[in-house]
Amino acid sequence: MKITTTNRLERLHDRYANGDLSRRTFLTLTAAAAASAGLSMPWMGRALAAVQEVRFDGWGGTVQDAIDKFAFQPYTAKTKIKVVQGTFGDEDEIITKIKTAKPGDYQVIHSSGVNYYIKYVNGGLTSEINEANIPNMANVLQPMIEPFRKLTPKLSAVPYDYGTTGIAYNTKVISPEEAKEKGAGLLLDKKYAGKVGGYSDMTTRVWYAALATGQDPNNLKDMDAIWAKVRETRDLAKKFWSSGAELMDLLSKGEIVVTDAWSGRVAALQDQGHPIGYLDPAGSYAWMEDMLILKGSPMAECEELINFMLDPATSIAVAEGQSYPPSLDPNKVKLTEKIEKLPAFDKTGTMKSLTFADPTYWATNEDAWTKQWNRISKGA
């Protein structure tokens, strides 16, 4: 059956929108077909105009500043491809935006590991990376790749960094010995009422309630006890913060003296000379972050960008800048002394000392637990 050039172009566009074609292949075939027939489709101008840009959305602040300075700017200087950047404070919010946007409007997301990866998978938002185009993946820790591959054998994301949500405390008020002795219980110590902080996030609140009640965060048995502890922390808290910038502001000004906190943000405060200690209690919440390529993105350009970001020199510079260990295997790549001293750094490369959330278990319970957390956060 012979099809018209118009139909051929529409089919090419559908395959590209569905993630079946890379942008480079799509544009090559489109340009050839259109030029031979003298045709122009409504979407062609936009697609062709965007070929020299890749869109990235991340967490902003010191983390994104480091990525921009040490990865994006050198990448643009080398390739002439501009990285257009956006930020978000809550990944659920940007997932909602992505679902209502056109394929390709959002392209690379600095995502929060397998817990969120499963949301993109379930939402039909993932692409399929050609790993041959990212040779620097050979240096990425296999224990970080495996959880993603269990969800999708053909990956849509590449692990990039990791950290923990441990306990940060003001060393002028709380000694390291007291912090070590009380661990997660510091968040429930009435002595610090009105000076306690915490991340305004269901997962973090439930995780730390699990540690306080002696339960396995990946196999909770007594949710009544969990919610009781969540309420206790809420009643002692001065504020539940919602961004890394807010966390750093509260700690640096002494408005809170103890809080759960992101390891890299605490390291940044310590570098600035603030009297902040950090402790990962047993079972501390570990997480990894990845560079996720969304369905409909210009795959070749996005893969090229991620390969550039994973180059050891680039990745090490970004890690030192954002204060989170890179996903590079320390048994394959010589890392710096500064990185080896970062909180949460795993010198073995096995990641066995860290406790990650089971993505399937948490995804199964997320809706119900989020509803309950939302009620409690409003005073219920």
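Colleague: Which residues are buried in H12?

Modeller: In H12, the buried residues are Ser-263, Gly-264, Arg-265, Val-266, Ala-267, Ala-268 and Leu-269. Buried means under 20% relative accessible area, exposed over 50% and partly exposed in between, with a 1.4 Å probe and protein chains only. Helices (H or I, at least four residues) and strands (E, at least two) are DSSP runs, numbered from the N terminus. This is a predicted model, in which local features need pLDDT of at least 70 and side-chain atom pairs count only at pLDDT 80 or more, whereas totals for chains, interfaces and linings use all residues. Residues are numbered from 1 along each chain as its sequence is written, and side-chain values use heavy atoms, with hydrogens and water left out.

Colleague: What makes helix H12 mostly covered, and against what do its buried residues pack?

Modeller: Seven of the nine residues in helix H12 (residues 263-271) are buried. These buried residues pack against helix H4 (61-79), strand E4 (157-170), helix H11 (244-252), E7, strand E8 (276-279) and H14. After H12 comes Gly-273, with a positive phi near 90°.

Colleague: How many helices and strands does the protein have, and how much of it is buried?

Modeller: The protein has 16 helices and ten strands, and 54% of its 380 residues are buried.

Colleague: Why is Lys-119 counted as buried?

Modeller: The relative accessibility of Lys-119 is 16%, so Lys-119 falls under the 20% limit and counts as buried. Lys-119 belongs to helix H6 (residues 113-122). Setting aside residues up to four places away in sequence, Lys-119 touches Asp-92, Ile-95 and Glu-366, where contact means heavy atoms within 4.5 Å.

Colleague: What lies over the face of Tyr-116?

Modeller: Lys-119 does, at 4.0 Å from the ring centre. A charge sits over a ring if NZ of Lys or CZ of Arg is within 6 Å of the ring centre and within 35 degrees of the ring normal.

Colleague: How many aromatic pairs does the structure hold?

Modeller: There are 15 aromatic pairs. Rings of Phe, Tyr and Trp (its six-membered ring) pair if their centres lie within 6.5 Å; planes under 30 degrees apart count as stacked, over 60 as edge-to-face and the rest as tilted.

Colleague: Why is the pair of Trp-241 and Trp-262 called edge-to-face?

Modeller: The ring centres of Trp-241 and Trp-262 are 5.0 Å apart, within the 6.5 Å limit, and the planes stand at 85°, over 60, so the pair is edge-to-face. Trp-241 lies in strand E6 (residues 237-241) and Trp-262 in strand E7 (residues 258-262), so the pair ties together parts that are 21 residues apart in sequence. Trp-241, with a relative accessible area of 0%, is buried, and Trp-262 counts as buried at 11%.

Colleague: What makes Trp-287 and Tyr-324 an edge-to-face pair?

Modeller: Their ring centres are 5.3 Å apart and their planes are at 65°, which is over 60, so the pair is edge-to-face. Trp-287 lies in strand E9 (residues 285-293) and Tyr-324 in the loop between helix H14 (312-322) and helix H15 (337-340), so the pair ties together parts that are 37 residues apart in sequence. Both Trp-287 and Tyr-324 are buried.

Colleague: Which residues do ring pairs link into a cluster?

Modeller: The cluster consists of Trp-59, Phe-88, Tyr-199, Trp-241 and Trp-262.

Colleague: Why is Leu-335 called buried, and where does it lie?

Modeller: Leu-335 has a relative accessible area of 5%, under 20%, and is therefore buried. Leu-335 lies in the loop between H14 and H15. Apart from neighbours within four places in sequence, Leu-335 is in contact with Ile-316, Pro-326, Leu-328, Pro-330, Glu-340 and Phe-345.

Colleague: Which strands does E3 pair with, and how do they run?

Modeller: Strand E1 (residues 53-58) is joined to E3 by two bridges and runs parallel to E3, while four bridges join E3 to E9, which run antiparallel. Two strands pair if DSSP finds at least two bridges between them. Asp-57 has Ile-109 as its bridge partner in E3, and Val-108 has Ile-293 as its partner in E9.
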